[in-house]
Amino acid sequence: MIDKFTAKERAYLASLPAVKSVSPSHIRYTDRFKVEVMCRYNAGESPSAIFREAGLDPKFIGYKRVERCIARWKQQEERDGRRKGKGSANHYLQDVEDDLSIAELQGAAHEEETDGLTSADESQDMAAKLAQAQLTINKCDLLIAKQALRIDELERVLRKFIQ
């Protein structure tokens, strides 16, 4: 049985930054909120605490609703991961680190073999260096995204203290 939200409750829910839309029986969340929840959940935080911080107290919206959201979003991560050939963001970071380690090992081995480089060898060497640089950039982008989520979280906590 799905609990129905009153007009007043719907107005409150619609005012939250995490909520995209509300009907009498359903809440649609913003993509940004979904990503934040899953990043924090994958980092070990409690789903109830994450929802509560966003103004979505599980006592109000229902613990089962929070549980279903997490399950649905986890499945989506897994589907997206299979489609891209990667796992979650944490697995992606591990893949990048593994690729960097391989590239570094290949680079070290390649430096030992560069006594008589031809034009083709130089092109291949440059391509390998560009690929390694791109892997480093991707790793930095992921780190920046995680930091942005953390800053957003800290700003919300700060606003609570100011109010």
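A: Glu-36 touches Leu-149, Asp-152 and Arg-156, leaving out residues up to four places away in sequence; a contact here means heavy atoms within 4.5 Å. A word on the source before going further: this is a predicted model, in which local features need pLDDT of at least 70 and side-chain atom pairs count only at pLDDT 80 or more, while totals for chains, interfaces and linings use all residues. Residues are numbered from 1 along each chain as its sequence is written, and side-chain values use heavy atoms, with hydrogens and water left out.

Glu-36 lies in helix H2, where helices (H or I, at least four residues) and strands (E, at least two) are DSSP runs numbered from the N terminus. With a relative accessible area of 5%, Glu-36 is buried. The classes are buried for under 20% relative accessible area, exposed for over 50% and partly exposed in between, with a 1.4 Å probe and protein chains only.

Now for the charges. Side chains of opposite charge can pair when their charged atoms come close. The rule used for a salt bridge is a side-chain nitrogen of Lys or Arg within 4 Å of a carboxyl oxygen of Asp or Glu, and by this rule the count comes to 8.

Glu-36 forms one of these with Arg-156, the closest N and O atoms being 2.3 Å apart. Glu-36 lies in helix H2 and Arg-156 in helix H7 (residues 119–162), so the pair ties together parts that are 120 residues apart in sequence. The side chains of Glu-36 and Arg-156 are also joined by a polar contact of 2.3 Å, a term for a pair of N or O atoms within 3.5 Å; within protein, one must be able to donate a hydrogen and the other to accept it, and residues adjacent in sequence count only if both atoms are side-chain atoms.

Glu-36 has a salt bridge with Arg-40 too, with 3.1 Å between the closest N and O atoms. Because Arg-40 and Glu-36 are 4 residues apart in helix H2 (residues 31–42), about one helical turn separates them. Arg-40 and Glu-36 are both buried.

Arg-156 also forms a salt bridge with Glu-53, the closest N and O atoms being 3.9 Å apart. This pair links distant parts of the chain, with Glu-53 in helix H3 (residues 47–53) and Arg-156 in helix H7, 103 residues apart. Glu-53 counts as partly exposed at 26% relative accessibility, whereas Arg-156 is buried, with a relative accessible area of 15%. Through shared partners, salt bridges join Glu-36, Arg-40, Glu-45, Glu-53 and Arg-156 into one network.

Phe-33 is in contact with Ala-18, Phe-51, Ala-54, Leu-56 and Trp-73, leaving aside neighbours within four places in sequence.

To place this in the whole fold, the protein has 7 helices and 2 strands, following the pattern α-β-β-α-α-α-α-α-α along the sequence. Of its 163 residues, 25% count as buried.
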